[in-house]
Amino acid sequence: MSDDSLSLTVTSEASIAAVWFALTDGRNSWWPELSLRPEVGAAVRETWTEGGQERYADGHVTEAAPPNTLGFVWQQAAWPASLHVRFDIKQAGRGSLVTLSEAGFAQLPDGSVVRSAHKDGWAFHLTNLLAAASR
């Protein structure tokens, strides 16, 4: 894995359909700060507070193939380029295998710092996604 990208894979007891629902229509229950519709071209926005200031990353959906693939690009105002995010959901026994990948860090001035922060952030979000999908 290069410094330009990261990839995390988790296994869920939940079905592909349950994971897809939690990632899309059910996302407010575990990640209300992210707004997106699983349709190519739909706007994506994540908002959060950092250092007492509201921050955001904006982008759009680039791939939507329910219930297996969701991709989007997003960018913070300070970044010179967008990062590409992709969720792949596959059958694994009676459950599912979820792979999250994000690429484009090499284009950012502090890409290795952002990559490290995002790796931790995605681990957190994937844990919450699986918990939501298993309810």
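1. A hairpin of 3 residues links β4 to β5. Strands here are DSSP runs of E, at least two residues long, and helices are runs of H or I, at least four, both numbered from the N terminus. This is a predicted model, where local features need pLDDT of at least 70, side-chain atom pairs count only at pLDDT 80 or more, and totals for chains, interfaces and linings use all residues. Residues are numbered from 1 along each chain as its sequence is written, and side-chain values use heavy atoms, without hydrogens and water.

2. Strand β4 (residues 53-65) runs antiparallel to β5, with 8 bridges between them. Pairing requires at least two DSSP bridges. Ala 64 has Leu 70 of β5 as its bridge partner.

3. On to β6. Strand β6 (residues 83-92) pairs with β5 over 6 bridges, also antiparallel. Gly 71 is bridged to Arg 86 in β6. A hairpin of 6 residues joins these two strands.

4. Why is β5 largely enclosed by the rest of the structure? Because 6 of its 8 residues (69-76) are buried, meaning under 20% relative accessible area with a 1.4 Å probe, protein chains only.

5. Now the largest pocket. Its volume is about 540 Å³. Its lining has 21 residues, and nearest the centre lie Trp 48, Glu 50, Gln 76, Trp 79 and His 118. β3 (43-50), β4, β5 and α2 (111-133) each give two or more residues to the lining. α2 gives the largest share, 6 residues. A pocket is an open set of points on a 1 Å grid, with protein on both sides within 12 Å along at least five of seven lines; lining residues have an atom within 4 Å of a point. The volume is the space filled by probe spheres set on the points.

Key: Buried means under 20% relative accessible area, exposed over 50%, partly exposed in between (1.4 Å probe, protein chains only). On a 1 Å grid over the protein atoms alone, a cavity is a set of points where a 1.4 Å probe fits but cannot get out, and a pocket is an open set with protein on both sides within 12 Å along at least five of seven lines; lining residues have an atom within 4 Å of a point.
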